[in-house]
Amino acid sequence: RGLSDVQAALANSLLFIGFTIGAPTMGYLSDKLGNRKLPLFFGAVSACIWACILLYFPGLSRQMINVVLFCLGLSYGAQALVFV
């Protein structure tokens, strides 16, 4: 994608920051809903969509890549529900 080392490190960090926010959020939502399956399904489907956007749209701007990776991290946060 032609990113510098600093830009690539920021994009990668946004993925983990998204996960850090998404995991407790998904846990809170699943507790409020009383259902683990629905947030886990939503997280898996949305993660698939975000990953497909990242893979199949090579002309994304640097800012859009950052947004997509952050949202991908939020979606990956649903993985924490499998430990419950």
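Leu 15 touches Leu 69, Leu 72, Gly 73 and Tyr 76, leaving aside residues up to four places away in sequence; contact here means heavy atoms within 4.5 Å. This is a predicted model, in which local features need pLDDT of at least 70 and side-chain atom pairs count only at pLDDT 80 or more, whereas totals for chains, interfaces and linings use all residues. Residues are numbered from 1 along each chain as its sequence is written, and side-chain values use heavy atoms, with hydrogens and water left out.

The secondary structure comes to 3 helices and 0 strands, and from the N terminus on the elements run α-α-α. Helices (H or I, at least four residues) and strands (E, at least two) are DSSP runs, numbered from the N terminus. The C-alpha trace spans about 45 × 25 × 15 Å along its principal axes. Of the contacts with a separation of 6 or more, 76% are accounted for by residues 24 or more positions apart. Buried residues make up 29% of the 84 residues, where buried means under 20% relative accessible area, exposed over 50% and partly exposed in between (1.4 Å probe, protein chains only).

Leu 15 also belongs to the largest nonpolar core, whose 8 residues are Ala 11, Leu 15, Ala 47, Leu 54, Ile 65, Val 68, Leu 69 and Leu 72. Such a core is a set of buried Ala, Val, Leu, Ile, Met, Phe, Trp, Tyr and Cys residues joined through side-chain atoms within 4.5 Å. Helix 1, helix 2 and helix 3 (62-76) each give two or more residues to this core, and the largest share, 4 residues, comes from helix 3. As general background, nonpolar side chains tend to be buried together in soluble globular proteins. Leu 14 lies in helix 1 and is buried, with a relative accessible area of 17%. Leu 14 touches Asn 66, Leu 69 and Phe 70, again not counting residues up to four places away in sequence. Leu 14 and Leu 81 are 67 residues apart in sequence and 21 Å apart in space, C-alpha to C-alpha.

Attention now turns to a pair of helices. The axes of helix 1 (residues 5-33) and helix 2 (residues 37-56) come within 8 Å and cross at roughly 140 degrees. Axes are lines fitted to C-alpha atoms, for helices over the stretch in contact, and angles run from 0 to 180 degrees between N-to-C directions. The two helices are therefore oblique to each other, since angles under 35 degrees count as roughly parallel, over 145 as roughly antiparallel, 65 to 115 as roughly perpendicular and the rest as oblique. Met 26, Ser 30 and Leu 33 of helix 1 meet Leu 38, Pro 39, Phe 42 and Gly 43 of helix 2 in this contact. Ser 30 counts as buried at 1% relative accessibility, and touches Asn 35, Arg 36, Pro 39 and Leu 81, not counting residues up to four places away in sequence.

The cysteines complete the picture. With a disulfide taken as a pair of cysteine sulfur atoms within 2.5 Å, the count comes to 0 disulfides. Cys 52 is in no disulfide, and the nearest cysteine sulfur, that of Cys 48, is 4.3 Å away. At 32% relative accessibility, Cys 52 counts as partly exposed. Cys 71 is buried, with a relative accessible area of 18%; the sulfur of Cys 71 is 15 Å from the closest cysteine sulfur, in Cys 52, too far for a bond.
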